[in-house]
Amino acid sequence: MTGESPTNTNIAETTNTRVKNCIFCDLIAANDPNTILEPRSDQFVIIKDIKPVATHHFLVLCDKHIKSAKSLQPNEQDCNLLKSMVAAAKQILLNNGCDLNDTRMGFHWPPFYSIGHMHLHAISPASSMSVFNRLVAFNPSFSYVFVDVDYVLKRIGCKDKNETENPPSVT
């Protein structure tokens, strides 16, 4: 990971609610009940990844078009958004009978992502991923490709790690 800190620009000033030609913005706008899963909120929706790397691979898509988790800022709004996305990811994994101890959650870090719309990967069981996906593509220890939620929370100055370990469930 780079040691750079987030800029002082507010997310609301740099993003639109929807961006033309963004596949995730289009999915959110379509609001298809066959694509959008529960739980959901006015801040995010959840879909299944079209190229799953494990039995359960969900994407929590930010409703507002934010380019990446690297764009999040050290403010209460972005902290709350990230925490609610994590809580929803945990909830959908639990709803699908997943073991949270065998789960990987995080973000691909620029420039190592394919869609420039912030989305949280929730993957379980992590132990079933291929060696490449486990050790490179979705490995937070391989810091230039994929970062975990705690890294992003700390980067934007949110509360410490313990706060995300057992967040309240989303209804």
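Mentor: Before we start, contact here means heavy atoms within 4.5 Å. Keep in mind, too, that this is a predicted model.

Trainee: Okay, which residues is methionine 118 in contact with, leaving aside its neighbours within four places in sequence?

Mentor: Met118 is among the residues with the most contacts inside the largest nonpolar core, so let's go through its partners with that 4.5 Å cut-off in mind. Leaving aside neighbours within four places in sequence, the list is Val60, Leu61, Cys62, Ile66, Lys67, Ser68, Ala69, Leu72, Leu81, Met85 and Phe107.

Trainee: And which element gives the most to this core?

Mentor: The core has 31 residues. At least two residues each come from β1 (44-48), β2 (56-62), α3 (76-95), β3 (104-108), β4 (119-124) and α5 (149-155). With nine residues, the top contributor is α3.

Trainee: Let's turn to the backbone. Where does the cis bond between proline 110 and proline 111 fall?

Mentor: Most peptide bonds are trans. The one joining Pro110 and Pro111 is cis, with omega about 5°. As for Pro111, look in the loop between β3 and β4.

Trainee: What is omega for the peptide bond from serine 124 to proline 125?

Mentor: Pro125 sits in the loop between β4 and α4 (131-137). The bond from Ser124 to Pro125 is also cis, and omega is near -5°.

Trainee: Last one: is asparagine 31 buried, exposed or partly exposed?

Mentor: Asn31 is in the loop between α2 (23-30) and β1, and its phi is positive, near 50°. Asn31 has 40% relative accessibility, so it counts as partly exposed.

Definitions and conventions:
Residues numbered from 1 in each chain as written. Predicted model: local features only at pLDDT ≥ 70, side-chain atom pairs only at ≥ 80, totals over all residues. Heavy atoms only, no water. Core = buried A, V, L, I, M, F, W, Y, C linked by side-chain atoms within 4.5 Å. Buried < 20%, exposed > 50% of the residue type's maximum accessible area, 1.4 Å probe, protein only. Helix = DSSP H or I, 4+ residues; strand = E, 2+ residues; numbered from the N terminus.
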